[in-house]
Amino acid sequence: MNAAAPSPPLAPSERADLITKDMVRWLERAVIGLNLCPFAKGVHAKGQIHYVVSAATDAEALAQDLRRELADLAAAPAEVRDTTLLMAPDCLQDFLEFNDFLGVAEDVLEELDLDGTLQIASFHPQFQFAGTDAGDVTNCTNRAPYPTLHLLREDSIDRAVQAYPEAEAIYQRNMEVLEKLGMLGWQAMDVGVSTAASTPELPKDPA
């Protein structure tokens, strides 16, 4: 029996669309569905989340994309673009390398003189809290399908905290929700990378 012919590679725009759909599915099922962030539902419902798929394959290129997106978010009206999710599907797959990059991200924020105006949070598919095992389900509170930089407005964070007086309790509640769900329950939610959007393999040299 002949093996099935490999599917043709996706165009960059098609793959970016699939990656964005993966992130929206994660947001709706995990972040909003489990209420991991009480502030996410409002901006999602109003269409105020800007999704950007970076084509960067190294930290330097990602820093350039981050610089552009920080400037664009600062310049945009909050009612149009309240927050940005910058996904990097093709670089910093190692969590420690990604974690190191966060220092670079903060430097970019300061270079643009946006420290105090914008804030950078992060998600990673291999996120791991210090002192936990990789398989600890509580790590999933900060896991997303792709390495992601979440750009937020300080003003929006302040308003959200005022509207949710027990904001400091969110972290503990999330731990409890994930422990109750368990790793099998998390996996059953299907909030990972879709097969079609996975990083394409490089063509092999002919023998």
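User: Why does glutamine 48 count as buried?

Analyst: Glutamine 48 has a relative accessibility of 10%. Buried means under 20% relative accessible area, exposed over 50%, and partly exposed in between, with a 1.4 Å probe and protein chains only. The value of 10% is under the cut-off, so glutamine 48 is buried. This is a predicted model, in which local features need pLDDT of at least 70, side-chain atom pairs count only at pLDDT 80 or more, and totals for chains, interfaces and linings use all residues. Residues are numbered from 1 along each chain as its sequence is written, and side-chain values use heavy atoms, with hydrogens and water left out.

User: Where does glutamine 48 lie, and what does it touch?

Analyst: Glutamine 48 is in the loop between H2 and strand E1 (49–53); helices (H or I, at least four residues) and strands (E, at least two) are DSSP runs numbered from the N terminus. Not counting residues up to four places away in sequence, glutamine 48 touches Val43, Ala78, Glu79, Val80, Arg81, Asp82 and Thr83. Contact here means heavy atoms within 4.5 Å.

User: Why is aspartate 65 called buried?

Analyst: The relative accessible area of aspartate 65 is 14%, which is under the limit for buried, so the label holds. Aspartate 65 lies in helix H3 and touches Ser54, Ala55, Ala56 and Leu86, leaving out residues up to four places away in sequence.

User: What makes the pair aspartate 65 and arginine 68 a polar contact?

Analyst: Their side chains are joined at 3.0 Å. A polar contact is a pair of N or O atoms within 3.5 Å; within protein, one must be able to donate a hydrogen and the other to accept it, and residues adjacent in sequence count only if both atoms are side-chain atoms. The distance of 3.0 Å is within that limit, so the pair qualifies.

User: What makes a set of residues a nonpolar core, and how many residues has the largest one?

Analyst: A nonpolar core is a set of buried Ala, Val, Leu, Ile, Met, Phe, Trp, Tyr and Cys residues joined through side-chain atoms within 4.5 Å. The largest has 25 residues, and those with the most contacts inside it include Leu62, Leu70 and Phe101. Helix H3 (59–75), helix H4 (95–111), E3 and E4 each supply at least two residues of this core. H4 gives the most, with 6 residues.

User: Which residues does leucine 70 contact?

Analyst: Leaving aside neighbours within four places in sequence, leucine 70 is in contact with Val108, Leu109, Leu112, Leu114, Leu118, Ile120 and Leu151.
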